[in-house]
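Subject: Structure for your review

Dear colleague,

Please find below the structure that I am handing over to you. I would be grateful if you could look through it alongside the findings that follow.

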Amino acid sequence: EELKTRKLLAEVKQAEIKLKVMEGTYVAIEKVREVWTAHIGQVRQILESRFLNELPPILTTLDAVQIREKLQEVLDETYKAISIAADSIKEPVDIED
């Protein structure tokens, strides 16, 4: 009887996970890790490339308003990469039957 109860509880938990997947409220930790690693690397590359290589020579010739605009462009590019990462985490996850 206890074994049947444990089996039934396991089946209920599995059904709950499948329901969460269908509702889009479940994200596998492996998916989060994969997306985070890939996109955080992309964000770091954007920031390092733009702030350390591209912007210094450009900013020396600009006034404060223009500098702010250039910096905002880098931030916007960074936010876009983060947004793409967040969207890719939302992709459906397959659960084996």
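Of the 97 residues of the chain, 18% count as buried. Please bear in mind that this is a predicted model. The accessible surface of the chain amounts to about 7,900 Å², and carbon and sulfur atoms contribute 58% of that surface.

As to the overall architecture, the chain contains three helices and zero strands, and its elements follow the order α-α-α from the N terminus on. The radius of gyration of the chain is 23 Å, whereas the globule rule gives 13 Å for 97 residues; the chain is therefore more spread out than a compact globule. Along the principal axes, the C-alpha atoms of the chain fill a box of roughly 80 × 20 × 20 Å.

How much of the contact total comes from residues 24 or more positions apart? Among contacts in the chain with a separation of 6 or more, such pairs account for 71%.

The chain also carries 14 positive and 19 negative charges.

Turning to the helices, α1 covers residues 2-23. Just after α1 comes Gly24, which takes a positive phi of about 80°.

Glu2 belongs to helix α1. Is Glu2 buried or exposed? Its relative accessibility is 61%, and a residue counts as exposed over 50%, so Glu2 is exposed. Glu2 and Tyr26 are 24 residues apart along the chain, and their C-alpha atoms are separated by 29 Å.

The relative accessible area of His39 is 16%, and the limit for a buried residue is under 20%, so His39 counts as buried. Which residues is His39 in contact with, leaving aside its neighbours within four places in sequence? They are Ala81, Ile84, Ala85 and Ser88.

Yours sincerely

Terms used. Residues numbered from 1 in each chain as written. Predicted model: local features only at pLDDT ≥ 70, side-chain atom pairs only at ≥ 80, totals over all residues. Heavy atoms only, no water. Helix = DSSP H or I, 4+ residues; strand = E, 2+ residues; numbered from the N terminus. Rg over C-alpha atoms; globule rule 2.2 N^0.38 Å. Buried < 20%, exposed > 50% of the residue type's maximum accessible area, 1.4 Å probe, protein only. Contact = heavy atoms within 4.5 Å. Areas by Shrake-Rupley, 256 points an atom, 1.4 Å probe, with all protein chains shown as cover. Lys, Arg positive; Asp, Glu negative; His and termini not counted. Charge placed at Lys NZ, Arg CZ, Asp CG, Glu CD.
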